[in-house]
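The following note collects points on the two-chain model shown below. Please read it alongside the sequence and the coordinates.

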Amino acid sequence: MTLLPSALPRPALLCLLLFAATGGMSVVALQPLLADSRPLSALLLWQGAVPRLASALVCGYALGLSGALFQHILRNRLASPDTVGAAGGAQLALALTLLFAPGLLTGGRFFVAFAGSAAAVAAVLALSWRRRLDPMPLVLSGLVVTLYTGAVSAALILVNDGYLASLFLWGSGSLVQTDWSLPQALTPLVVVCTVLVWLLLRPLSLLDLGDEAARSLGVPLTLIRLAALTLAVTLSAAVVAKAGVLGFVGLAGPALAFVSGARTLRQSLLWSPLLATALLGLTDQSVAVAGRFVPDLLPTGAATAVFGAPLILMLVRTLRTDPARLTAPPPQTRHRLPTRHPGRWLLALGGLTLLLALTALSLGRGPDGWALAVGPDFTDLLPWRLPRVLAAAAAGLMLALAGTMLQRLTGNPLAGPEVLGVTSGAAMGMLISLYAFPAATGGFQTGFAALGALGVLLALLWLNRRDGGSTDRILLAGIAVGALFDALTSILTADGDPRAVALLNWTMGSTYRVEMPDALLTGGIALALAAVTPLCIRWLDLLPLGPEAARSLGLNLQAVRLRLLVLTAALSAAATLVIGPLSFIGLMAPHLARLPGLLSARTQLAGAALSGAGLMLAADWISRVAVFPFQIPAGLTATLIGAPLVLLLISRE
Amino acid sequence: MRRLLTLLCVLICSGWALPAGADGLPAPARRIVTLDWGVAETLVALGAPPAGVPDIRGYADWVADPPLPAGTVNLGSRFEPNLELIRSLKPDLIILIPFQSGLEPLLRRIAPTLTLSVHQGVGQPYAAAQEATRTLGRLTGREAEAEALITRTETILSDSRARFAVAPPPPVLVSAVADAHHLWVFGQGSLYGDLLGRLGLRNGWTEPVSDWGFSAVGADRLAEAGDSTFVTLRPLPPDYETGLTQSPLWQALPFVQAGRVTVLPPVLMFGMLPSSARFATLLADALVPR
């Protein structure tokens, strides 16, 4: 939107433009039914196509309003139902209910979604409470909670594929309607919420004055915030319950309002919902028209998620315009003293990792229950277990090294290859090769993965070019890539063909298909890249001192940054091929190394590498035995173990 | 499609012509593990039940009949079956289907594998299932039983066909309900679609479908097949009773107005001859009661 001349885009004008486009597109969409005079066509029009349009409009309004509320209360332009965990929480709650108490869904769909949504948002708020709801940690917590709920839903689908196949459809947000029940259910709710929001307008706008001033005017701050949050959660939960996940609409509405010039709360609350309405209407009607030309269902939610990524990137640029309100100071890491015995700690970590490897190789479940393989049994099972153990350990090690470098490079304890989107880029590359060139071999896929990682890396460098890389901007670009990856996966899995489940398995990071040559290759790459890292130790020791200090000590910052980023991308891409885009190992391992005081670059790298390998070994072993005879992809298990730890870190740092 | 079919025929025929054992497969196989429910139901019908089958709870819900004998080992997921468990069963043959072919290198380390293509891109699953049944009969040393199963299924099909010929029903639209607004519909190339043709019925879904023979569609598109008889298969989602069938659009669909809506017990959409016979019988019993 910054491409438009700055005088032109008033919110009203933009709104009018979008609504005109929506109108035009709906004429195209409805044309065949309007032209047909048979009685059934009239019904299809009035009970199918028109309610669909109405649903898109009312859902768009609800999401836009919800997003505007979240953004105002949390003082955060990136807040939205999708980025504070509201949508993910609702989705998981509904999946669990569908599986364990389907009867509840008949009348209680909304309440289930609301409970899940509220729980997730509460968790995100609680986690960022200690950091005074800083925008960045808050959105990161929200993102992690969203990823976590997504991972649990995926695990449920993998173990119950036949039963939850329809979740694919619903998760991708289709707006197909057969009656007016959705608009009928949502409209009164939206009207009531809107009236309540406007009644709260004055106390809400006083929040802008700051807590002190607002309190001195006698505004019950906590009560106002709680009320507005409840309204925001209600609106988004209702949409998820009725229509599924329509990603990023709640982010887009307020964003469009802001870039077109809406600055005050009143303007934002007026225009955000309207712009979101027009945007979802336009998307949905375009999808409806496009749907005529393909045999399979095109879900609207997947289409909205596609514009999520460019949108976040665009918002990243607006961050500069209003720095005081939107950028948080770089989080201070808690002060720790370096340990006096780094050697002992490293030895202990190494021993523990070795013990985990031995356990993974010898302990498993068989037809007769738990079995410890010794002697000939052990050697018999070795060809089955060793490749997994080796590949998992190597991948964990590489992610840990990448994470340590990124954290020292960006000075941000929340950086990691997963958060930066490098692993998502690699996975996206693989995904494209799988669907576009189904006959491709493993080597071809590896090439695509490396290209994907490199693409993300270049995008990061591009964002980086002007002011030497504000950490926030890099992190947000990573979030954007992750969102795009999600969108692609949900488009590809929406029609529920058997490939969808296989794809899900594979993107979730399964070590199942790793064979000895692959494992040796992964191990070899890990060793080779690890051998390069000692060359970076001086840079990594100097960088956390800050750019000025590093420069005065003789570092060529641009060159050093570039080299470290390339090394990080190589490490992340190689690891992603084995354990998928999510795992949080790269984020966690550096912190685990810091806990006992391994603080210098050398000891932190070594400690993180050992903990990363150990964590991944544990995850792979748990995947193998936890739901025997079924298995969970190791990357997914790592996420399930890792995400809570990450959340803990976010709240502590 | 045609090329694939030819290729398949060549593959199956070449296997047929070779003396058993020459292609590295044991003859007759005593302990078979299969990763596909369609193969599993056929083996049960031949009297040579597999030692292990994935997701046994799913088999009970989606295939239902013939039941697996007690003691069949549950191998976990159909996508990533438990390799250590398969290995502990010491099979002499592992049978899979094309979409599992990525597992072949792993499974070959345990036992010889055979990939049977009945559904994916074949176009005529019923004929492919007959050929696959012969192959299975040969591999288990139960050629006679295989021929008997083929004849028995043919008899059941022609019996049903005769019943439909007496009172020809409108085209049949076979579907599986996903939720209140979405269904999977089965067209050209699916097992159900193939069987409809063999039963002398027209398929109510004439739109293009995926390579697998089905498509996910919104319920509004059912109007395109309004003249059909609507047939859907269990298991049904809770949304069927409370969502889909309550909507005015559904109520107004010609087949609903005319009362041509039928819910059948489960029949595996990727099944083989036992599922085919079951589908023919259930459909005839529902549409033209004796």
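1. Helix H2 of chain B. In H2(B), the buried residues are Trp37(B), Gly38(B), Val39(B), Ala40(B), Glu41(B), Thr42(B), Leu43(B), Val44(B), Ala45(B) and Leu46(B). Burial here requires 20 or more other C-beta atoms within 10 Å of the residue's own, while 12 or fewer make a residue exposed and values in between partly exposed; C-beta atoms are placed from the backbone. Because 10 of the 10 residues of this helix (residues 37-46) are buried, the helix is largely enclosed by the rest of the structure. Just after H2(B), Gly47(B) adopts a positive phi of about 80 degrees. Helices (H or I, at least four residues) and strands (E, at least two) are DSSP runs, numbered from the N terminus.

2. Basis of the model. This is a predicted model, in which local features need pLDDT of at least 70 and side-chain atom pairs count only at pLDDT 80 or more, whereas totals for chains, interfaces and linings use all residues. Residues are numbered from 1 along each chain as its sequence is written, and chains are lettered from A and ligands numbered from 1 in the order in which they are written.

3. Confidence in chain A. The average pLDDT (the predictor's confidence in each residue, from 0 to 100) of chain A is 81, and 84% of the residues score at least 70. Residues 1-8 of chain A have a pLDDT below 50, and this stretch makes nine contacts in the model beyond near neighbours in sequence. Residues 320-333 of chain A also fall below 50, with 18 contacts in the model beyond near neighbours in sequence. Two residues are in contact if their C-beta atoms, placed from the backbone, lie within 7 Å.

4. Overall form of chain B. Chain B contains 12 helices and 10 strands. Its radius of gyration of 20 Å agrees with a compact globule, because such a globule of 290 residues would have a value near 19 Å. That quantity is taken over C-alpha atoms, and the globule rule is 2.2 Å times the number of residues to the power 0.38. The C-alpha atoms of chain B fill a box of roughly 60 × 35 × 35 Å along the principal axes. Of the 290 residues of chain B, 53% count as buried. Among contacts in chain B with a separation of 6 or more, 66% join residues 24 or more positions apart.

5. Domains of chain B. Chain B is divided into domain 1 (2-151) and domain 2 (167-287), with bounds that come from an automatic or database domain assignment. Contact between the domains involves 26 residues of domain 1 and 19 residues of domain 2 of chain B. On the domain 1 side, H2, H3, helix H6 (125-140) and helix H7 (143-166) of chain B give two or more residues each. That side divides into 14 nonpolar, nine polar and three charged residues. Nonpolar covers Ala, Val, Leu, Ile, Met, Phe, Trp, Tyr, Cys and Pro; charged covers Asp, Glu, Lys and Arg; the others, Gly among them, are polar.

6. Contact between the chains. The contact takes 44 residues from chain B and 42 residues from chain A. Elements of chain B that each supply at least two residues to its side include helix H3 (56-62), helix H4 (83-88) and strand E8 (214-218). The chain B side comprises 24 nonpolar, 15 polar and five charged residues.

7. Backbone points to check. A cis peptide bond with omega near 5 degrees leads from Phe628(A) to Pro629(A); Pro629(A) is found in the loop between helix H26 (601-625) and helix H27 (634-652) of chain A. In chain B, Arg234(B) and Pro235(B) are joined by a cis peptide bond with omega of about 0 degrees, and Pro235(B) lies in the loop between strand E9 (229-233) and helix H9 (239-242). Asp55(B), which is not a glycine, has a positive phi near 45 degrees and is buried, with 24 other C-beta atoms within 10 Å. Lys90(B), also not a glycine, has a positive phi of about 50 degrees but is exposed, with 11 other C-beta atoms within 10 Å.

8. Packing around Cys59(A). Cys59(A) lies in helix H2 (residues 39-74) of chain A and counts as buried, with 34 C-beta neighbours inside 10 Å. Not counting residues up to four places away in sequence, Cys59(A) touches Leu186(A), Val239(A), Ala243(A), Leu246(A) and Leu280(A).
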